[in-house]
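Please take me through this model feature by feature.

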Amino acid sequence: MSDAKKPHVLFINTDQLRPDFLGCYGFPADTSPCIDRLAAEGVRLNGCYTQSPICVPARYSLTTGQYPTNHGAHTNNHAPYPTCPSLVEGFNGAGYHTAVIGKLHHNPPDSAFGFREVLLHDGTFRDRRPLSIYSKFLIEHGLNEDDMGYPADIDATDEKRRLRDRIHWGPCPFEDRFCESTFLSDTALDYVAQYDRDEPLFLYLSYLAPHSPYCPPKPYDEMFDPADMPAPPRESPEQMERKHSSTGEMSRRNYGEGSIPEGTMREIRTQYAGLLRHLDTHVGRAIDAFRARFGQDALIVFTSDHGDLLGEHFRCEKHQMYEAAVRVPYLITWPGHLEPGTSDALVEQIDMFPTVLGLVGGEYSRARTAGRDRSADLLRGEVAGEPYVFSENHDCPMCTYTAMARSREGKLILYLGGAEGVGPHYEYYDLASDPHELENVVDHPAHQSAVHAHHVALYQWMTSTRRFIPPAGRRNR
């Protein structure tokens, strides 16, 4: 494929966006009309999973095509191993100009990791502000960046005051024109309008929304009704007893013995939905501008680094191996080349860069990359998928390591460390009868065949990645 025929590529990443809050994945409220249109034009993959439910490991898995154990960025404070290759170089080698607008969350913060041009905004972390184009923008307009972390009405209720150090929801203290998603899309619009290189463009547009704090600007903060928000599934005390101690202990540590009342959680979910709708508006602007500049046949991918528990299992944020944290959206559209459709095949996020490279005729080191090129599957309109997908977390609160093997029918989760000791502690969920993962049936006689099959798959995966797994033996406390 000559450079003249290669499509311009817009790769959109978001932060902490769970797919089941998108209309195209079945959410009942109108949270994502622009993203839904993108989904209708291309392929929607329903069974895509991140390789880690925390930011830095997940983002390096995306750009390396490797699991965290192998790329080395095990926590948000780690960098990849010096010899770890970047798949971005595959796009450079294929004749693309590779550029970033927005969040990379790399270590060190100024690491481009293969991108030729970086317009960085990693969030309002103090150590990253000197490198942020958004921080500079706020300073120029006389705004205090510290205000971004708090809603305008943080002291309005007893519940908000109680949780003010842990979780923030409510209206944004800034006008829409000063918000992150607005600014990043404005920057993208200016960038593509001025792009005059001969090379095709690979633009990685990376938003921070809808990551907490859940603070959308007006009118998005009042766009949804708490009564229309699905209540978060939660365990009974008996069900919680059969889970690893980290699930309940993190809830108590973060929110107190009273946890978060269901009514409060519905309010938080309305603000998450409003933040998503605000993001959707500006994602739509970026997509329209990209197509207006480079043609309707541009190749566009949309995803997120991980999800958000949003009150499920008495938790917010991510870290754990439950569906709300590890399942991610995966939309890909290339008009004239990919037939619109959906797939329930199980795939991993490490497949994304190899697949796009395959579609545009790029190359990468298959010997050093676990991700799979599924371009041929997409072009013929049938994605085969895998019998199992895997995710891991070297930085799970209250334990030392956790991982999962997920099939179409069920999920096995391994925990090491915590109150149970070194481990291992296992949980198994029959997803057909228990899609919300409330009842751990790892010791139930009816599920022993499935538990064994998942354990074998997890063992084989962990040995192939050279990660030690203890023998099955005594599984739980």
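## Cavity, pockets, helices and rings

Leu45, Tyr330, Val347, Glu348, Asp351, Arg374, Leu378 and Val383 line the largest cavity.

Q: What kind of model is this, and how are residues numbered?
A: This is a predicted model, in which local features need pLDDT of at least 70 and side-chain atom pairs count only at pLDDT 80 or more, while totals for chains, interfaces and linings use all residues. Residues are numbered from 1 along each chain as its sequence is written, and side-chain values use heavy atoms, with hydrogens and water left out.

Q: How many cavities of 30 Å³ or more does the structure hold?
A: On a 1 Å grid over the protein atoms alone, a cavity is a set of points where a 1.4 Å probe fits but cannot get out; a pocket is an open set with protein on both sides within 12 Å along at least five of seven lines, and lining residues have an atom within 4 Å of a point. Grid points are joined across faces, edges and corners, and a volume is the space filled by probe spheres set on the points. The structure holds 1 cavity of 30 Å³ or more, and the largest cavity has about 50 Å³ of space.

Q: How is the lining of the largest cavity made up by class?
A: Ala, Val, Leu, Ile, Met, Phe, Trp, Tyr, Cys and Pro count as nonpolar, Asp, Glu, Lys and Arg as charged, and the others, Gly among them, as polar. The lining of the largest cavity has 5 nonpolar, no polar and 3 charged residues.

Q: Which residues lie nearest the centre of the largest pocket?
A: Phe125, His211, Ser212, Pro213 and Glu317 lie nearest the centre, out of 44 lining residues. The largest pocket holds about 1100 Å³ of space. Its lining has 18 nonpolar, 12 polar and 14 charged residues.

Q: Which helix gives the most to the lining of the largest pocket?
A: Helices (H or I, at least four residues) and strands (E, at least two) are DSSP runs, numbered from the N terminus. Helix α9 gives the most to this lining, with 3 residues; α7 (180–194), α9 and α10 (262–294) each supply at least two.

Q: Which residues of helix α9 are buried?
A: Buried means under 20% relative accessible area, exposed over 50%, and partly exposed in between (1.4 Å probe, protein chains only). In α9 (residues 245–255), the buried residues are Ser246, Thr247, Gly248, Met250, Ser251, Asn254 and Tyr255. Their cover includes α6 (158–162), α8 (237–241) and β11 (410–416). Just after α9, glycine 256 takes a positive phi of about 85°.

Q: Where does a residue other than glycine take a positive phi?
A: Phenylalanine 113 has a phi near 50°, and this residue is in the loop between β3 (97–102) and β4 (117–120). Phenylalanine 113 is buried, with a relative accessible area of 15%. Leucine 310 also has a positive phi, of about 50°. Leucine 310 is in the loop between β6 and α11, and at 0% relative accessibility counts as buried.

Q: Which residues does a cis peptide bond with omega of about 5° join?
A: That cis bond joins serine 212 and proline 213. The peptide bond from alanine 209 to proline 210 is cis too, with omega near 0°. Proline 210 is in the loop between β5 (201–206) and α8, and proline 213 is in the loop between β5 and α8.

Q: How many aromatic pairs are there?
A: Rings of Phe, Tyr and Trp (its six-membered ring) pair if their centres lie within 6.5 Å; planes under 30 degrees apart count as stacked, over 60 as edge-to-face and the rest as tilted. The count comes to 22 aromatic pairs. One of them is the tilted pair of tyrosine 134 and phenylalanine 183, 5.2 Å centre to centre with 50° between the planes.

Q: Why does the pair of tyrosine 134 and phenylalanine 183 tie together parts that are apart in sequence?
A: Tyrosine 134 lies in helix α5 (residues 133–140) and phenylalanine 183 in helix α7, so the pair ties together parts 49 residues apart in sequence. Tyrosine 134 is buried at a relative accessible area of 0%, and phenylalanine 183 counts as buried at 10% relative accessibility.

Conventions:
Contact = heavy atoms within 4.5 Å.
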